[in-house]
Amino acid sequence: MSEPTNPSALLGEALLNAIRQAVREEIEAAFAARDNGRDLAEKDWLKADEAAQLYGLPKTWFEERGRAGEIARTKPGRYTLFQRRDIEAYLERHKGTDWPKRKRNKKKIALTSASGWTT
């Protein structure tokens, strides 16, 4: 593409380049905000990992509450989705309570010592 020689064409080209640069910067900022989770605060439907990132709880915590029916969920396709208002209602109802610890299924393993004792 040849460079324009008259002043108004130069000004128009400079303005067009400035607009292109501003658009690039806005696109980069939008992707950065999405990646940092800032746009999660604006979403009504959240995947478990997005809810975990937003509320600071483990992803499995949301999955367990969803399976137990404590927080409403839907699965229109591949991902299980939670509505923000349902999560916040659940958290509000359980505010100030001590979250129950996950039960671990530990099997006792019998160890045999040289003397024959088992523990």
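Modeller: Buried means under 20% relative accessible area, exposed means over 50%, and partly exposed lies in between (1.4 Å probe, protein chains only). This is a predicted model, in which local features need pLDDT of at least 70 and side-chain atom pairs count only at pLDDT 80 or more, while totals for chains, interfaces and linings use all residues. Residues are numbered from 1 along each chain as its sequence is written, and side-chain values use heavy atoms, with hydrogens and water left out.

Biologist: How many helices and strands does the chain have?

Modeller: Helices (H or I, at least four residues) and strands (E, at least two) are DSSP runs, numbered from the N terminus. The chain has four helices and three strands. Read from the N terminus, their order is α-β-α-α-β-β-α.

Biologist: What percentage of the residues count as buried?

Modeller: Of the chain's 119 residues, 16% count as buried. Ile 19, by contrast, is in helix 1 (residues 7–35) and counts as partly exposed because its relative accessibility is 45%.

Biologist: Which residues of helix 3 are buried?

Modeller: Helix 3 covers residues 59–67, and its buried residues are Trp 61, Phe 62, Arg 65 and Gly 66. These four lie on the same side of helix 3, because they cover an arc of only 130° around the axis. The arc is taken from the directions that run from the helix axis to the C-beta atoms.

Biologist: What do those buried residues pack against?

Modeller: Contact means heavy atoms within 4.5 Å. The buried residues of helix 3 pack against helix 2, strand 2 (73–74), strand 3 (81–83) and helix 4 (84–93). Across the chain, among contacts between residues at least 6 apart in sequence, 40% join residues at least 24 apart.

Biologist: What follows helix 3?

Modeller: Gly 69 follows helix 3, and its phi is positive, near 80°.

Biologist: How many salt bridges are there?

Modeller: A salt bridge is a side-chain nitrogen of Lys or Arg within 4 Å of a carboxyl oxygen of Asp or Glu. The count by this rule is six. One of them joins the side chains of Lys 59 and Glu 63, at 3.9 Å from N to O. Both residues belong to helix 3 and are four residues apart, about one turn of the helix. Lys 59 is partly exposed at 42% relative accessible area, and Glu 63 is also in the partly exposed class, at 25%.

Biologist: Is Arg 65 buried or exposed?

Modeller: Arg 65 counts as buried, at 9% relative accessibility. Its side chain meets that of Glu 70 in a salt bridge of 3.3 Å, N to O. Glu 70 is partly exposed, with a relative accessible area of 38%. Salt bridges link Glu 64, Arg 65 and Glu 70 in a network.

Biologist: Which residue forms a salt bridge with Arg 84?

Modeller: The partner is Glu 88, with the closest N and O atoms 3.9 Å apart. Arg 84 and Glu 88 are separated by about one helical turn, because they are four residues apart in helix 4. Arg 84 counts as buried at 12% relative accessibility, whereas Glu 88 is partly exposed, with a relative accessible area of 37%.
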